[in-house]
Amino acid sequence: MNKRLKWGAFALLATSVVIGGCGNKADNAGATGTGASGATSGSDMPYKGKEISVLLEGHSTSNAIQKILPEFEQKTGIKVNLEIVPYSDLTSKALINFSSRSGRYDIVMDDIVHGYGYVNAGYVEPLDAYTTNASINADFDEADFVPQYLNAMKIDKVMYGLPVYGESTFLMYRKDLFEEYGIKVPTTFDELMTAAKTVNEKSKGDIAGITLRGEQGIQNVYVWATFLWGFGGQWLNEQGLTDLASPEAAKALDFYQEILNKYGPTGVANFGWQENRLLFQQGKAAMTIDATVNGAYNEDPKESSIVGKVGYAPVPTQSDNPKGGASSLTVHGMYLSKESKNKDAAWLFMSWATAKEQQIKSMSIEPNSGVSSLAAMQDSSFLTKFGAFKDTMLEAIENGNTQYLPQIPQSNEVINNTGVAISKALLGNKSAADALKEANDLNNKLLSAK
Amino acid sequence: MIRQLRNRANYWVMPVLLILGIMSVVVMGYSIYMAVRDINLVKSVTSFVGFDNFVALFHDSRAWASLWRTLVFSVSATGIELLFGLGLALFLNRQFVGRKLVRTLLLIPMIMTPVVSGLIWRVFYDPNAGIINYYMGVLGMGSKHNWLGSMDLAMISVIIADVWQWTPFVFLILAAGLDAMPNEPLEAAEVDGASPIQRFIHVVLPLLAPSLMIAFLLRIIDSVKTFDIIYVMTRGGPSLATETTNMYAYIQGFNNFNISYATVINLTITVIITFIFTTVYSKLSGSKARR
């Protein structure tokens with residue numbers, strides 16, 4: 001009896017651990033658009049009756065596209081199944097479908113950081129044959145895209161995606177507090193430290209001098225990279241290996257942990273984009289450096305208690321001779337799957353969804369400050385909604401660094417290793433230099449094993 | 001006659017066994033296939049690498065540290081849950097007004113989806129706007145506790161959330177055990193003049209041992225594979241403080257896309273954990289048999 005029980009327990013354990021290992025990831029499949037198609041038939045609808053599936057990132061642009069989708073379905077007769085998932089689940093979902101070569105999604109929207117991996121593995125289609133095909137490129141207007149965004153979608157001059165939205169990073173500060181405490185807007189990291197210190201001291205610790213993201217992984221890396229470039233460091237050297245063991249990188253990480261540990265909010269080591277944004281919106285911090293889209297949240301009375309009190313400035317830099325700009329340039333685009341069975345219909349959808357008419361409409365539907373169309377940026381609704389930070393945002397995009405995050409197929413792993421190093425230094429587990437050395441070794445092992 | 005019936009019953013069990021068997025063989029076989037290759041989803045080619053992944057894992061200090069954290073998490077969470085669950089079951093094992101209501105209310109955490117309870121606890125733990133720090137401040141115990149953002153508290157905070165969610169489950173099993181317990185031995189002990197403590201140690205506990213064992217096994221298996229609440233609350237951070245093996249395998253598989261390496265981590269961990277627990281289990285049940 002005992003023996004049988006023992007084997008029973010063994011089997012139970014074995015199966016459950018294996019099953020557990022598979023990961024119980026919540027399937028966050030969002031709404032699926034069902035449009036009323038039909039309408040008139042005729043020779044102007046050569047793709048009528050075709051059906052395509054699109055995987056979109058949870059973002060204001062995607063929500064807007066979902067709302068105006070019936071217009072596209074009516075115009076072309078193509079049925080579009082939209083699936084919207086959060087950014088953090090997007091890439092693994094896309095990759096699992098890509099790697100099974102199932103053609104489950106005709107179009108996938110993602111960050112260019114992951115786009116390099118897609119292109120490298122041969123999952124996505126080069127778009128040049130579509131942009132030049134006069135019978136299906138009516139919605140495509142190359143000159144209307146922000147040039148930096150469009151260039152970011154190209155690898156070796158071949159275009160692989162259409163930019164959906166883009167953003168950069170800038171410094172957000174509380175104008176009222178700066179005036180009260182007599183602080184001038186920092187342009188170097190030393191001034192940033194002094195400003196954080198002044199706020200912290202004069203408010204007797206009530207208001208954090210600065211808040212930044214500390215959560216390990218892409219979260220802290222996305223903001224820390226500003227300091228890496230600003231102190232004169234870089235991700236990759238000429239040999240294509242990582243350059244994080246440099247004194248500049250160590251200085252950047254040391255600064256990051258010092259300013260947060262001395263003048264940052266409690267719990268910053270677990271702050272992602274959301275926590276960081278909320279703390280600043282609630283008026284509990286005087287400064288933050290983050291994505292330009294945060295401007296739209298700061299100025300939204302439904303979201304924020306500091307509307308009109310926020311000043312926007314380019315991110316500070318320290319080095320006179322940086323190897324690249326300290327503000328990011330992030331572009332998220334739509335990619336066309338190689339396994340798609342209706343590539344022409346899919347292309348029609350992606351060129352329609354990124355065209356200026358739709359982007360202009362999207363701004364009145366959702367707080368979408370990241371439009372990728374120049375015409376949308378000159379539209380009056382762009383000015384009225386995002387006027388408070390528009391100029392600084394455009395300047396940041398203009399100077400945005402496309403290499404802000406490493407643009408290589410293995411970028412995700414490099415970012416994860418670095419994120420752990422930042423977290424270790426932030427918690428005081430390791431010195432900045434040691435933590436970065438560790439990440440650097442891991443990265444180089446990865447990059448040299450080709 | 002009975003033997004015939006039993007044989008006939010076997011035919012009814014066969015299809016299920018067959019399906020389960022095929023499924024586990026296929027899944028296991030495919031896992032082993034992945035384990036000896038170097039599949040990474042952002043690479044277009046893969047090749048056979050033999051035991052390279054296992055060798056790499058052997059030298060991977062992050063994996064071993066995560067295994068240690070898995071043990072710390074599982075053993076302490078399960079231990080506390082058993083203790084609290086037993087206390088609750090004994091305390092509520094009597095007649096009082098509202099007994100049913102109290103029992104029902106106790107089960108609410110267990111019914112909740114772990115992702116949801118993780119999110120709730122994440123909000124509770126928020127160091128600047130969370131309810132826990134607020135009330136601790138009101139009670140004069142300081143309002144600046146860095147629950148999820150510090151090395152020393154992050155693991156404890158996650159364990160607290162797990163205990164909150166799963167103590168009711170232990171309570172449920174033990175309460176059922178207490179309900180099913182015969183009254184005669186207790187009465188006999190009482191007649192013989194045993195004190196309440198003696199009665200608890202010498203009568204109630206031995207009779208409850210099978211229930212305790214089931215609760216222990218189910219909980220320890222479950223907590224070894226805990227993923228959701230850690231994923232939601234800390235993502236394994238800060239500074240890897242809450243990175244259990246499952247979390248690490250997730251990061252390798254779904255953030256770094258090293259599918260093969262993630263498989264190797266899970267396979268190895270499965271073997272190790274199974275070995276440890278079967279040893280523990282046979283020790284525990286062996287000592288019981290001797291007595």
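**View 1. Lining of the second largest pocket in the predicted model.** The second largest pocket is lined by 46 residues, and those nearest its centre are A:Glu413, A:Lys445, A:Leu446, B:Asn258 and B:Tyr261. The space within this pocket amounts to about 1300 Å³. Two or more lining residues come from each of helix H18 (411-426) and helix H19 (432-448) of chain A, and from each of helix H2 (52-58), H3, helix H12 (245-255) and helix H13 (259-290) of chain B. H19(A) supplies the largest share of the lining, six residues.

**View 2. Helix H3 of chain B, one of the elements that line the second largest pocket.** Helix H3(B) covers residues 61-91, 31 residues in total. From its first C-alpha to its last it reaches 45 Å, close to the 45 Å expected at 1.5 Å a residue. At the start of H3(B), a side-chain oxygen of B:Asp60 comes to within 3.1 Å of the backbone nitrogen of B:Arg62.

**View 3. An open sheet of three strands in chain A.** The strands lie in the order S8-S7-S9, and their pairing is antiparallel. Strand S8 (287-291) and strand S9 (310-313) stand at the edges with a single partner strand each, so one side of each has no neighbour in the sheet. From one strand to the next, the twist averages 30°.

**View 4. Strands S7 and S8 of chain A with helix H9.** Strand S7 (residues 169-174) runs antiparallel to S8(A), and five bridges join the two. One residue of S7, A:Thr169, has A:Ala291 of S8(A) as its bridge partner. Helix H9 (residues 218-230) of chain A packs on the sheet and touches both S7 and S8 of that chain. The direction of H9 makes about 110° with that of S8(A).

Definitions and conventions. Residues are numbered from 1 along each chain as its sequence is written. Chains are lettered from A and ligands numbered from 1 in the order in which they are written. This is a predicted model: local features need pLDDT of at least 70, side-chain atom pairs count only at pLDDT 80 or more; totals for chains, interfaces and linings use all residues. Side-chain values use heavy atoms; hydrogens and water are left out. Two strands pair if DSSP finds at least two bridges between them. Helices (H or I, at least four residues) and strands (E, at least two) are DSSP runs, numbered from the N terminus. Axes are lines fitted to C-alpha atoms, for helices over the stretch in contact, and angles run from 0 to 180 degrees between N-to-C directions. Contact means heavy atoms within 4.5 Å. The expected span of a helix is 1.5 Å times one less than its number of residues. A polar contact is a pair of N or O atoms within 3.5 Å; within protein, one must be able to donate a hydrogen and the other to accept it, and residues adjacent in sequence count only if both atoms are side-chain atoms. On a 1 Å grid over the protein atoms alone, a cavity is a set of points where a 1.4 Å probe fits but cannot get out, and a pocket is an open set with protein on both sides within 12 Å along at least five of seven lines; lining residues have an atom within 4 Å of a point. Grid points are joined across faces, edges and corners, and a volume is the space filled by probe spheres set on the points.
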